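Here is a short briefing to read with the model open beside you. Take it topic by topic, and keep the viewer handy.

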Amino acid sequence: MKNLILFFCLGLFSLTSIAQNDLPNVDVTSIDGKNVTLKDATNKDGITIISLWATWCVPCLKELDAINDLYDEWQEETGVELVAVSVDDSRTVKRVKSMVNGKDWDYTVLLDTNNDLKRALNASSIPLTILVKNNKIVYEHSGYSPGAELELYKKIKELSK
């Protein structure tokens, strides 16, 4: 009986860890107010960077600015796409559109005002950067320090081969 319980627990743990690799199929909102399924916003033929950020998060802004400086080259070389998902709540979400326009980011920007995606990813802090390939999470990094975007790009190149 103990072996059966142990086997069941190990099996359940294995299924849970496998399921964690799937990109959650969460509904978010476009910056223009349309409902979007996250999986529909990802790059079907390649790699998608999903970045959870907020207008009040200085490291988030620094990371997205650093990636923006290199983004055209990254896209040209690997076809990667970036989806920046704001986790600003109802009090600060009104700042997102003007900030994105002011920064001139060429990313898809989505809103997770209720933090449904953040909860589904078990994200305890932002910035959270995820690489997705074939709707599977293949890389995850939390936080930002200068130069981390170069490490991210190295991983993108590895995965795009």
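Burial is used throughout: a residue is buried under 20% relative accessible area, exposed over 50%, and partly exposed in between, using a 1.4 Å probe and protein chains only. By that rule Tyr153 is buried, with a relative accessible area of 11%.

This is a predicted model, in which local features need pLDDT of at least 70 and side-chain atom pairs count only at pLDDT 80 or more, while totals for chains, interfaces and linings use all residues. Residues are numbered from 1 along each chain as its sequence is written, and side-chain values use heavy atoms, with hydrogens and water left out.

**Overview and confidence**

- The protein chain has 5 helices and 7 strands, where helices (H or I, at least four residues) and strands (E, at least two) are DSSP runs numbered from the N terminus.
- Read from the N terminus, the order of elements is α-β-β-β-α-β-α-β-α-β-β-α.
- Of the 161 residues in the protein chain, 40% count as buried.
- A contact here means heavy atoms within 4.5 Å. Among contacts with a separation of 6 or more, 71% come from residues 24 or more positions apart.
- The predictor's confidence in each residue is pLDDT, on a scale from 0 to 100. The protein chain averages 87, and 88% of the residues score at least 70.
- Please treat residues 2-20 with care: pLDDT stays under 50 there, and the model has 2 contacts beyond four places in sequence for this stretch. Where pLDDT is low, the predicted coordinates should not be read in detail.

**The nonpolar core**

- A nonpolar core is a set of buried Ala, Val, Leu, Ile, Met, Phe, Trp, Tyr and Cys residues joined through side-chain atoms within 4.5 Å.
- The largest such core has 44 residues, of which Ile50, Leu52, Trp53 and Ile156 touch the most other members.
- Two or more residues each come from β3 (47-53), α2 (58-78), β4 (81-86), α3 (96-103), β5 (108-111), β6 (128-133) and α5 (148-159). The most come from α2, which gives 6 residues.
- Beyond its neighbours within four places in sequence, Ile50 is in contact with Leu23, Leu38, Thr42, Val83, Val85, Leu128, Thr129, Ile130 and Val132.

**Helix α2**

- With 21 residues, α2 reaches 28 Å from its first C-alpha to its last, close to the 30 Å expected at 1.5 Å a residue; the expected span is 1.5 Å times one less than the number of residues.
- A kink of about 55 degrees is centred on Leu70 in α2, the bend at a residue being the angle between axes fitted to the seven residues ending there and the seven starting there.
- Its buried residues are Cys60, Leu61, Glu63, Leu64, Ala66, Ile67, Tyr71, Trp74 and Thr78, and the buried residues of α2 pack against β3, β4, α3, β6 and α5.
- Gly79 follows α2 and has a positive phi, near 75 degrees.

**Aromatic pairs**

- Rings of Phe, Tyr and Trp (its six-membered ring) pair if their centres lie within 6.5 Å; planes under 30 degrees apart count as stacked, over 60 as edge-to-face and the rest as tilted.
- The structure holds 4 aromatic pairs. One of them, Trp74 with Tyr153, is stacked, at 4.8 Å centre to centre and 10 degrees between the planes.
- That pair links distant parts of the chain, with Trp74 in helix α2 and Tyr153 in helix α5, 79 residues apart. Trp74 is buried, at a relative accessible area of 3%.
- Trp105 and Tyr107 make a tilted pair, 5.8 Å centre to centre with 35 degrees between the planes. Both Trp105 and Tyr107 are buried.
- One aromatic cluster is formed by Trp53, Tyr71, Trp105 and Tyr107.

**Loops and backbone details**

- Trp56 sits in the loop between β3 and α2 and counts as exposed at 53% relative accessibility. Leaving aside its neighbours within four places in sequence, Trp56 is in contact with Asp88, Thr92 and Ile126.
- The peptide bond from Ile126 to Pro127 is cis, with omega near 0 degrees. Pro127 is in the loop between α4 (116-120) and β6.
- Asp104, in the loop between α3 and β5, has a positive phi near 60 degrees although it is a residue other than glycine. Asp104 counts as exposed, at 60% relative accessibility.
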